[in-house]
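Please open the structure in your viewer and keep the sequence panel beside it. This tour goes from one selection to the next and says what is found at each stop.

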Amino acid sequence: KNSIEVSLVTGASRGIGRAVACALARRGGHVVINYKRDEEAARSALEEVEKAGGEGSLYRADVEDPEAVAELFDFVARRHGRLDHLVANAAAGPAKRVDQVELRHLARSHAMNSQSFVVAAQHAVRLMDRGGRIVAVSSLAAGRAMPGYAAIGAQKAALEAWVRYFAAELAPRGVNVNAVTGGMIRTDSLDHYLGATGLTDGDIVPHIPKGRAGSPREVADAVDFLLSPAAEYITGQNLVVDGGLSISAPFCGHPA
């Protein structure tokens, strides 16, 4: 039991987080599935993890709250005594124009998309005495202006900066820190974003060289690679999984 990989995935009850949990389960490890409120979805994710060949456990915690994050890692420490992988996937924020963003939106977006990563990574490294891997899930909006995405995108840019700093300072301790960025990925979050901004598939897909949206599994496979032994010499990087969307012009929401 002590030899199996122990992984923690935040926001793992659905979407990309759930796909990551299942990818890790296929290795036969133990995955701690963090979720915020939807216990039914979390239990469904746990069943999927177990069907994929891994072990799992559930822990409800709102990662916007530093005290809740501390309690989450206390749970990991009590149950396993160590951690091999942290995948910081949980994210949230308003889909609003820059002139509509209020202070409360700024505070929440910072707490969820940037602060939560810093706090979780600090706790994680204390459980990585034998080395480990940390991956943060970022967004194309960290480097490109997307309609209605400023509050999230600015914090994802901060997240990517934190990834670089953590990578540089933790490398001597055997901990690799990287980011994975998904483009147009079929998730509930994408549906919410399109609904809030009035954009449609037709505004975005024509600008994707691969000609389609991506799947959570495709992002999860990239995360899984960065957590694998094959990525031992990769740290401080951002692996983009977007079908080529970020190399095409014009960008989404701004028709040619």
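**Two helix pairs and two spaces**

Select helix 4 and helix 5 to begin, and look at how they pass one another: their crossing is right-handed. Since this is a predicted model, everything described on this tour is computed from predicted coordinates. Helix 4 covers residues 103-126 and helix 5 covers residues 150-170, and the two pack at an angle of about 15 degrees with their axes 7 Å apart. Angles under 35 degrees count as roughly parallel, and helix 4 and helix 5 are therefore roughly parallel to each other.

Next, show the side chains where these two helices meet. Sorted by class, the contact of helix 4 with helix 5 has 12 nonpolar, 6 polar and 1 charged residues.

To find its centre, select Ala88, Ala90, Met112, Ser116 and Phe117, which lie nearest to it among the 14 residues of the lining. Helix 4, strand 5 (132-139) and helix 5 each give two or more residues to that lining, and helix 4 gives the most, with 5 residues. By class, the lining of this cavity has 9 nonpolar, 4 polar and 1 charged residues.

The next stop is the largest pocket, in which about 1,300 Å³ of space lies. Select Arg14, Ala91, Ala92, Thr187 and Ser189, which lie nearest the centre of this pocket, out of the 48 residues that line it. Among the elements that give two or more residues to the lining are helix 1 (15-25), strand 2 (30-35) and helix 6 (188-197). The lining of the largest pocket has 23 nonpolar, 16 polar and 9 charged residues.

Finally, select helix 1 together with helix 2 (residues 39-51), which pack at an angle of about 25 degrees with their axes 9 Å apart. That angle makes helix 1 roughly parallel to helix 2, and helix 1 passes helix 2 in a right-handed crossing. The contact is made by Arg18, Ala21, Cys22 and Ala25 of helix 1 and by Ala41, Ser44, Ala45, Glu48 and Val49 of helix 2; these residues divide into 6 nonpolar, 1 polar and 2 charged.

Note on methods
Residues numbered from 1 in each chain as written. Predicted model: local features only at pLDDT ≥ 70, side-chain atom pairs only at ≥ 80, totals over all residues. Heavy atoms only, no water. Axes fitted to C-alpha atoms, helices over the stretch in contact; angles between N-to-C directions. Helix = DSSP H or I, 4+ residues; strand = E, 2+ residues; numbered from the N terminus. Parallel < 35°, antiparallel > 145°, perpendicular 65-115°, else oblique. Left-handed = near helix turned anticlockwise from the far one by under 90°. Nonpolar A, V, L, I, M, F, W, Y, C, P; charged D, E, K, R; others polar. 1 Å grid on protein atoms, 1.4 Å probe; cavity = no way out; pocket = protein on both sides within 12 Å on 5 of 7 lines; lining within 4 Å. Points joined across faces, edges and corners; volume = space filled by probe spheres on them. Contact = heavy atoms within 4.5 Å.
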